[in-house]
Amino acid sequence: MKITLEGKAKVIADMGNIKVVTDQPIPAGDGTAPTPFQLFLASLGTCAGIFVKSFCDQRGIPTDNIYLTQKMNYDQSSHLISEMEIQIHLPAGFPEKYKEAVIKAADLCLVKRHLHTAPKITTTATIG
């Protein structure tokens, strides 16, 4: 992955055939793309969502009326999120016998698992 800095506050992750563009809100940036932190938060919810979708698809359960919401509680003193909650909204008629199983499927999300077992992150710099 190559990260480039472009324009006012755009930072782009180039992953071969996919580019992920981030920006900052006005006035620091142009507000044309999510911030890196917004992408981080969205990665958790969308990861849980794909596990829910896969669970339902494997069982022939329609996903048209299933959606997830994600809430974040911020700690004012640390300026970090202290708690996140993902709620899976299941439509009437969703098989009750799968309610707990769909929660367990969402909990298999790789992003969530990485947050529970954070990797070591090292930053270095080179000149020239």
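Which exposed residues sit on the face of α2 turned away from its buried side? They are E100 and K104, where exposed means over 50% relative accessible area, buried means under 20%, and partly exposed lies in between (1.4 Å probe, protein chains only). Keep in mind that this is a predicted model, in which local features need pLDDT of at least 70, side-chain atom pairs count only at pLDDT 80 or more, and totals for chains, interfaces and linings use all residues. Residues are numbered from 1 along each chain as its sequence is written, and side-chain values use heavy atoms, with hydrogens and water left out.

Let's stay with α2 for a moment. Its buried residues are V102, A105 and A106. They lie on the same side of α2 because they cover an arc of only 100 degrees around the axis, taken from the directions from the helix axis to the C-beta atoms. Among the elements covering these buried residues are α1 and β5.

Now follow α1, which spans residues 36-58. Helices (H or I, at least four residues) and strands (E, at least two) are DSSP runs, numbered from the N terminus. The buried residues of α1 include L41, L44, V52 and F55, and their cover includes β4 (67-75), β5 (80-89), α2 (99-106) and α3 (110-116). Just after α1, G60 takes a positive phi of about 70 degrees.

Finally, look at the open sheet, whose three strands come in the order β1-β2-β3 with antiparallel pairing. Its edge strands, β1 (2-6) and β3 (19-22), each pair on one side only; two strands pair if DSSP finds at least two bridges between them. Five bridges join β1 to β2 (residues 10-14), and I3 has A13 in β2 as its bridge partner.

Key
The expected span of a helix is 1.5 Å times one less than its number of residues. Contact means heavy atoms within 4.5 Å.
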